[in-house]
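Have the viewer ready and follow along.

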Amino acid sequence: LSESESDRFYATAAAPDGGFFAAGFVTQGGDSAMAVAKFSADGTPDAAYGDGGVAIVNVAAGGGSAEIARSIAVADDGSVVIGGAAEHDPTATGDAARDTDIFVVRLDPDGAPDPAFGSEGIARIDVGTGRATSDTRFVGDNGWGVALLSDGRVVIFGSQLATNGDDRTDNDFVLAGLTAAGELNTEFGDGGFLSWDRPGTDN
């Protein structure tokens, strides 16, 4: 979609009607946005989905290149949830501009954000504040894989800056649970989160 900037797919999933979805991001004016495309079984874009076959949701409008959808899950009715990460504060400067949160977006079968989920279809999960761990590396919250449960609840797998010690520079694994309404599911894990710090590794 972008004539001179990066557009990429990172995940695919089958659609109930025999077609398939692809999720990733598009970039316009240096601002990346999450995107889902729908294709018919023969590989042609499904023009009835989103805008000409592509649904774009900019969860951190005005940010930079951190916004990305890395995973997708499809419900029986053709609605989808996508998971990934984006800037915590698109207006921030310096290292604060590099901090990221986990995001989950739910789209209805036509590719429109579902207003019954999160805030206008968008759920933000801020596990913790990231920080620079070297001159070239910044560790924030990231979403890597999403699962849709049968009752509409969502679980997303991600990573966060390790919290066991101020001098830690590695990631910990984290799972976050959301209700069907896109709110943090406090009955999941410890207040909505399960984290795992594997000893002796720098992930």
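**A tour of the model**

On the surface, W144, F157, L175 and L194 form a nonpolar patch, with about 340 Å² of accessible area together. A patch here is built from residues with over 30% relative accessible area and no salt bridge, where like charges are joined within 9 Å and nonpolar side chains (Val, Leu, Ile, Met, Phe, Trp, Tyr) within 5 Å. The areas come from the Shrake-Rupley method with a 1.4 Å probe, and for residues only the protein chains shown count as cover. Before going on, keep in mind that this is a predicted model, in which local features need pLDDT of at least 70 and side-chain atom pairs count only at pLDDT 80 or more, while totals for chains, interfaces and linings use all residues. Residues are numbered from 1 along each chain as its sequence is written, and side-chain values use heavy atoms, leaving out hydrogens and water.

L175 is partly exposed, with a relative accessible area of 30%; the scale calls a residue buried under 20%, exposed over 50% and partly exposed in between (1.4 Å probe, protein chains only).

Now zoom out to the whole chain. The protein has zero helices and 14 strands; helices (H or I, at least four residues) and strands (E, at least two) are DSSP runs, numbered from the N terminus. Of the 203 residues, 47% are buried. Along the principal axes, the C-alpha atoms fill a box of roughly 50 × 40 × 30 Å.

How are the strands put together? Strands of a sheet pair through backbone hydrogen bonds, either parallel or antiparallel. In this model, four strands make an open sheet in the order β1-β2-β3-β4, with antiparallel pairing; two strands pair if DSSP finds at least two bridges between them. Its edge strands are β1 (8-14) and β4 (54-57), each of which pairs on one side only. On average, neighbouring strands of this sheet are turned by 25 degrees against each other, direction ignored. The angle is taken between axes, which are lines fitted to C-alpha atoms (for helices over the stretch in contact), with angles from 0 to 180 degrees between N-to-C directions. β1 and β2 (residues 20-28) pair in the antiparallel sense over six bridges, and R8 has F25 in β2 as its bridge partner.

Next, the charges. The structure holds six salt bridges, each a side-chain nitrogen of Lys or Arg within 4 Å of a carboxyl oxygen of Asp or Glu. D114 and R106 meet in one of them at 2.9 Å, N to O, and both residues are buried. D95 and R98 also meet at 2.9 Å, N to O, but here D95 is partly exposed at 40% relative accessible area and R98 is partly exposed at 35%. The side chains of D151 and R153 meet at 2.7 Å, N to O; D151 is partly exposed at 45%, as is R153 at 35%. D17, K38 and D46 are linked in a network of salt bridges.

A last stop is E120, in the loop between β7 (100-107) and β8 (122-125). Its phi is near 55 degrees, a positive value in a residue other than glycine. At 57% relative accessibility, E120 counts as exposed.
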